[in-house]
Amino acid sequence: MRIEPRETVSWLRVGLAPVFAVAAALFLCSALILWAGVSVPEAYVLLLKGAFGSAFALNETLTRSIPLIFTGLAAAVAFRAKFYNIGGEGQLYAGALAATFFGTGLLTLPPVLMIPFLMIAGALAGGALLIVPVLLKTRLNVDEVVTTLLLNFVVILLVGYLIEGPWKDPMALGWPQAASIIDEGVLPPLLAKGRLHLGLIIALAAAVLVFVMMRTTVKGFEIRAVGHNAKAAEFAGIPVGRTIIVTAMISGGLAGMAGVSEVAGLKGYLTLDLSPGFGYTGIAVAMLAQLHPLAVVPSAIFLSAMFVGADAMSRAVNIPTYLADVMVGISVLAMLVAAMLAQYRVRWRG
Amino acid sequence: MLTFRNVTKRFGTLAANDGISFDVEPGEVLALLGENGAGKTTLMNILFGHYQADEGVVEVDGRPLPGGSTDAAIKAGIDMVHQHFTLADNLTVLENITLGTESLWSLRQDKTGAKRKIAGLVETFGLAVDPDAPVRSLSVGERQRVEILKALYRDSRVLILDEPTAVLTPGETEQLFRTLKALTADGLAVIFISHKLHEILAISDRVAVLRAGKLVGIVETEAADRRRLAEMMVGREVERPALDRVAAGDAVLDVEGLILKSDDGRLLLDQVDLNVRAYEIVGIAGVAGNGQSALADVLSGLRPDFEGKVEHLGQSIRGVSPRHLVERGVGRIPEDRQASGVVGEMAVWENLASEDLRNPAISRAGFIDRKAALSRADRLIEAFDIRCKGASAETRLLSGGNMQKLILARALSPEPAFILANQPIRGLDEGAIAYVQSQLLEARERGAAILLMSEDLDELMAFTDRLAVIRDGRLSDLRPTAEWTIADLGLQMSAQRATGRVEAGLVGAGHAD
């Protein structure tokens with residue numbers, strides 16, 4: 001058996017790769033559903049209905065996809081430059097911390113200014129969290145996977161300390177949570193019913209902006225060149241170190257905005273269950289989107305639908321919600337295989 | 001003893017080998033000549049079992065060789081010395097040679113027997129190498145000898161050598177040729193793959209010429225000459241451009257007392273003095289790994305941590321980034337075009353733009369003017385005859401020659417005052433070589449100062465105004481090329497390495513104890 005690169009990579013094949021990956025994941029998960037003793041079609045219909053079957057379900061799926069779009073973009077941008085930022089979770093909480101610090105009464109601006117201000121503050125906080133890992137990487141060649149991953153725990157512990165201690169809301173009846181975001185800073189809901197909020201519009205705008213940046217700007221060109229071949233990029237005069245630093249700031253900033261959006265848009269105040277691992281799931285979102293900024297949006301909505309749908313399914317029949325995690329995991333694995341098969345062909349005989 | 005019968009191998013619609021039939025006789029050196037992509041490597045990969053032929057067979061002593069199995073080839077007595085050696089650096093010469101010949105389950109190792117056999121081979125074929133030295137301490141020439149010993153130790157009767165002289169000094173090449181004569185006198189058959197005509201004329205008995213996957217013909221070397229072989233190989237007459245003498249102008253590049261150290265403190269460049277004037281090509285000869293890359297890195301702006309003086313048009317280049325060097329008029333052709341010349345996954349137009357992204361001609365306020373960049377790329381593709389499916393094609397799909405043309409287009413089209421050409425013709429076929437050289441000549445005619453680093457002494461002798469030899473980071477005197485002979489160059493290139501080898505041998509002996 002031999003694996004050879006294809007001379008031409010057809011767009012159809014690249015586009016169909018995620019579809020096949022998802023189909024393979026659903027097929028493989030059927031075994032688990034059968035094992036749980038439920039009919040497979042019934043389970044998947046319940047899942048689909050739970051995710052898209054009603055206005056409420058759709059609303060919930062889209063709401064859940066907002067942080068995933070942000071963290072997915074964060075991973076997609078960074079991975080394009082081969083800067084493996086695994087710290088999306090920590091950067092998300094850093095953004096949430098910034099929103100809580102500025103947004104709970106420290107200063108009050110009209111909403112038109114307050115919301116952008118909180119977003120920017122959160123983005124800066126997310127980026128700031130990456131300064132040390134990225135400098136360690138560019139100066140001393142320290143592996144960023146390790147440093148960014150470990151910083152997640154540092155930040156989460158810091159959040160735990162703050163909401164149990166100095167930032168604890170005295171009005172919260174003893175629950176470990178920070179004070180609420182003031183009304184001027186809250187992201188307004190988009191619809192009369194449901195939890196969908198302005199964060200979706202900001203997330204979509206971010207996806208378009210990232211796409212435009214990667215495709216049309218000098219900086220985007222440099223990020224792609226560094227990611228594909230850092231040696232050639234350096235030879236051509238592209239400042240490799242600086243490009244990686246800029247990439248890290250953009251990536252951290254996007255993840256930080258996820259935190260602002262969750263605190264100011266959904267929860268209203270900072271708690272430790274703000275994110276059930278959106279930072280990590282963002283990596284899966286980016287992989288499934290093949291690191292394409294616009295594809296991050298459907299990818300995030302799909303993964304969000306899996307989680308929301310699996311919740312509904314487990315309520316209706318006796319299947320644990322963990323099935324959604326398994327599906328997402330298998331989808332990403334299948335996606336990696338499918339993406340490779342789009343670029344390479346397998347010859348079984350020499 | 002070895003017969004190719006109608007061997008055909010297709011990759012998609014391309015026939016890499018098309019109905020190739022010929023014999024290899026014991027006791028002969030058969031040279032396999034052809035341009036890149038002519039099918040030499042594919043044919044040898046079929047013989048050695050890396051590929052399976054779509055049609056036809058290879059027969060050894062009248063018996064067909066089962067295709068697609070390297071084991072079968074080795075069992076049939078065929079062995080190959082690859083261009084990139086396949087030795088384990090951390091093992092000794094003896095261990096490398098016996099690796100794979102002993103049963104995995106045998107606990108005992110017959111070291112003395114193996115040593116005796118190797119000593120015999122070393123003696124008979126003039127393959128001097130210390131069996132107890134670790135391979136990492138050996139010079140390139142010695143490593144090649146270990147590879148040959150490895151094949152002989154397995155009692156191979158057909159030895160394939162893939163571009164064996166590419167890494168050797170002229171002296172080492174001569175030694176290799178003496179070994180090959182001894183081998184064929186002993187009844188071995190040698191298949192010698194090369195595109196260097198003078199070597200083929202010197203060593204082979206017969207020459208098989210491949211072109212575009214087909215066997216053009218087999219000629220007795222005695223009846224062949226350079227011109228005829230070149231014509232057979234290319235299919236038409238190829239003249240490499242010649243240099244006509246013109247008076248050099250003012251110094252463009254001026255280097256004095258240049259010192260560069262590696263990260264672990266070793267001296268890579270030691271007091272290098274060098275100047276290159278307008279209207280001249282200065283050559284630097286040397287065996288790979290003697291400081292050429294270090295010098296090229298400094299002149300390309302990749303190593304700002306040098307000591308000494310390096311001036312381009314009277315201005316120091318210290319602290320000048322590669323981007324600004326390009327802006328100031330330095331054109332650079334990198335040594336390894338795939339690794340550092342182009343970004344393979346990006347489009348041709350993007351690679352053509354990558355050195356001057358902030359040039360107002362193709363970008364404005366941080367946004368790339370795609371239209372302008374594409375139309376400029378179209379012009380360059382046309383002007384430099386880059387064969388590709390268009391400016392948006394992925395660069396990795398280009399052939400080596402076309403990739404080099406892309407790099408030439410990028411480096412030469414801004415008409416730089418100084419051009420650094422590091423191994424610009426390495427691995428290219430005759431047509432592409434002639435093209436690269438004519439482009440450099442054109443640049444010289446308009447007054448560019450060119451520094452040409454090459455391992456190809458023929459190229460340097462024919463194509464430079466002044467010439468120096470680099471070894472162990474030290475540069476010899478820069479003399480007019482007419483005052484050099486190939487023998488002088490060979491001596492200068494290897495003199496220092498001879499002592500280096502003695503040191504390596506001592507280190508090796510120390511390790512063995």
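Two residues are taken to be in contact if their C-beta atoms, placed from the backbone, lie within 7 Å. By this criterion, residues 24 or more positions apart account for 78% of the contacts in chain A with a separation of 6 or more. The structure is a predicted model, in which local features need pLDDT of at least 70 and side-chain atom pairs count only at pLDDT 80 or more, whereas totals for chains, interfaces and linings use all residues. Residues are numbered from 1 along each chain as its sequence is written, and chains are lettered from A, with ligands numbered from 1, in the order in which they are written.

The secondary structure of chain A comprises 14 helices and two strands, these being DSSP runs numbered from the N terminus (helices, H or I, at least four residues; strands, E, at least two). Of the 350 residues of chain A, 49% are buried, a residue being buried if 20 or more other C-beta atoms, placed from the backbone, lie within 10 Å of its own.

In chain A, helix α4 (residues 88-103) has 16 residues, which at 1.5 Å a residue should span 22 Å, and its end C-alpha atoms are 22 Å apart, in agreement; the expected span is 1.5 Å times one less than the number of residues. Because 15 of the 16 residues of α4(A) are buried, this helix is largely enclosed by the rest of the structure. α4(A) is followed by G105(A), whose phi is positive, near 120 degrees.

The contact between the chains takes 20 residues from chain A and 28 residues from chain B. On the side of chain B that touches chain A, α10 (322-328), α11 (337-341) and β18 (367-368) each supply at least two residues.

How values were computed: A residue is buried if 20 or more other C-beta atoms lie within 10 Å of its own, exposed if 12 or fewer, and partly exposed in between; C-beta atoms are placed from the backbone.
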